[in-house]
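Biologist: I would like to walk through this protein piece by piece. Can we take it as questions and answers?

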Amino acid sequence: MPLDGIVADSIALELKDKILGGRIVKIFQPERDEILLHIRTGGTNFKLLFCANANYPRVHLTNISKENPSNPPVFCMLLRKHISGGKILDVLLHDFERILTLSIESVNELGDLSVKKLIIEIMGRHSNIILVNKNGKIIDSIKHVDSDMSRVREVMPAREYVLPPAQNKISPLSLDIDNLIENAVNSELNIEKYILDNIKGFSPFLCKEICFCAGIEGKVPASEIAKSKILTSCLKDAVFDIIKIIKDRDYKPCIICNEHNLFGENMTHGSCKEGNPLDFHCLPVRQYKSVEYFDSIS
């Protein structure tokens with residue numbers, strides 16, 4: 001599913017709006033790779049899920065309750081020790097990468113206030129949930145990654161927390177669209193892959209949406225697009241429209257549904273309640289007919 005950097009940005013925006021200044025009143029670990037924070041702010045209770053499952057890593061608010069183990073796991077107990085009762089000072093997303101950080105002010109063992117960071121890295125099988133102290137050292141993580149598992153980056157207690165290796169992509173906020181398309185003339189990639197490899201936070205789903213809006217077949221070589229004034233103009237307009245929405249944070253969370261039911265019959269009404277959920281995103285979608293919009297990305 002396309003939980004890309006743009007969707008992650010919309011999640012961070014929603015969390016800032018709803019849980020900033022809230023207190024963490026309960027912490028649970030219902031699954032070996034899931035953390036559930038109960039947060040109270042302004043008289044309202046929220047449940048925030050951090051999931052580092054290799055297949056479905058994610059972070060979002062939820063109403064679902066799960067049965068918790070009778071004996072809390074070690075990582076859960078550690079979080080209770082360090083951030084239970086803590087105040088959420090900030091919610092940050094790292095430059096359209098799927099790395100979200102909660103800054104939490106809590107009382108340490110000496111009774112002094114200190115700020116710790118709870119970080120979720122949504123990176124497929126490398127996804128992780130990491131608690132970091134004020135000096136940038138890892139207190140612990142839900143998954144340990146030692147030097148035998150990765151020569152690039154260890155995630156172990158007492159190690160300094162470092163970000164995953166940066167991708168050589170351009171942030172949507174600083175993208176020069178003209179330059180992006182001019183450089184495509186030397187690319188050997190198709191236009192969908194070219195966009196994916198050059199703009200930070202984009203997923204294949206979003207690249208297909210851009211091509212659809214531009215009226216361009218996504219498998220056409222990027223170099224051919226760059227040589228055509230008409231196709232170049234259409235592509236620039238489509239990229240510009242998407243980038244403007246991202247810059248304005250004018251997100252519109254939606255679920256895209258398969259227009260056929262389980263029996264392969266065409267669904268005439270095009271409602272997600274009648275069809276099968278297919279995908280989701282936070283930007284307006286034109287490449288599918290059956291799209292249902294929501295107030296919350298969660």
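This is a predicted model: local features need pLDDT of at least 70, side-chain atom pairs count only at pLDDT 80 or more; totals for chains, interfaces and linings use all residues.

Biologist: Why do the buried residues of α2 line one face of the helix?

Modeller: Helices (H or I, at least four residues) and strands (E, at least two) are DSSP runs, numbered from the N terminus. Buried means under 20% relative accessible area, exposed over 50%, and partly exposed in between (1.4 Å probe, protein chains only). In α2, residues 74–83, the buried residues are Phe75, Cys76, Leu78, Leu79, His82 and Ile83. Seen down the axis of α2, they line one face because they fall within an arc (of the directions from the helix axis to the C-beta atoms) of 160 degrees.

Biologist: Which exposed residues sit on the face of α2 turned away from its buried side?

Modeller: The buried side is covered by strands that include β1, β2, β6, β7, β8 and β9. The face turned away from that side carries exposed residues, namely Val74 and Lys81.

Biologist: Which residues touch the most other members of the largest nonpolar core?

Modeller: A nonpolar core is a set of buried Ala, Val, Leu, Ile, Met, Phe, Trp, Tyr and Cys residues joined through side-chain atoms within 4.5 Å. In soluble globular proteins, nonpolar side chains tend to be buried together. The largest core here has 69 residues, and those touching the most other members are Leu48, Phe50, Leu100, Leu102, Leu118, Phe202 and Leu235.

Biologist: How many residues are in the second, separate core?

Modeller: Its members include Ile119, Ile130, Val155 and Tyr161. The size of this second core is 8 residues.

Biologist: Is Ile181 buried or exposed, and which residues is it in contact with?

Modeller: Ile181 lies in helix α3, residues 177–183. Its relative accessibility is 5%, so Ile181 counts as buried. Thr232 is 51 residues away along the chain, yet the two C-alpha atoms are separated by 7.2 Å. Contact means heavy atoms within 4.5 Å; leaving aside neighbours within four places in sequence, Ile181 is in contact with Ala226, Thr232, Leu235 and Lys236.

Biologist: What do the buried residues of α5 pack against?

Modeller: Helix α5 covers residues 204–214. Its buried residues are Phe205, Leu206, Cys207, Glu209, Ile210, Cys211 and Ala214. They pack against α1, α4, α7, β10 and β11.

Biologist: Why is the pair of Phe205 and Tyr288 stacked?

Modeller: Rings of Phe, Tyr and Trp (its six-membered ring) pair if their centres lie within 6.5 Å; planes under 30 degrees apart count as stacked, over 60 as edge-to-face and the rest as tilted. The structure holds 1 aromatic pair. The ring centres of Phe205 and Tyr288 are 6.4 Å apart and the planes are at 5 degrees, so the pair is stacked.

Biologist: Where does Tyr288 lie?

Modeller: Phe205 is in helix α5, 83 residues from Tyr288. Phe205 is buried, with a relative accessible area of 9%. Tyr288 is partly exposed, at 28%. The place of Tyr288 is the loop between β11 and β12.

Biologist: Which are the edge strands of the open sheet of 3 strands?

Modeller: Two strands pair if DSSP finds at least two bridges between them. The order is β11-β10-β12, with antiparallel pairing. An edge strand pairs on one side only, and here those strands are β11 and β12.

Biologist: Which residue in the hairpin of β8 and β9 takes a positive phi?

Modeller: β8 and β9 pair in the antiparallel sense over 3 bridges. In β9, the bridge partner of Ile130 is Ser141. The hairpin has 5 residues between the strands, and the one with a positive phi, near 85 degrees, is Gly136.

Biologist: What is the phi of Ala158?

Modeller: Ala158 lies in the loop between β9 and α3. Ala158 is exposed, with a relative accessible area of 59%. Its phi is positive, in a residue other than glycine, and is near 75 degrees.

Notes:
Residues are numbered from 1 along each chain as its sequence is written. Side-chain values use heavy atoms; hydrogens and water are left out.
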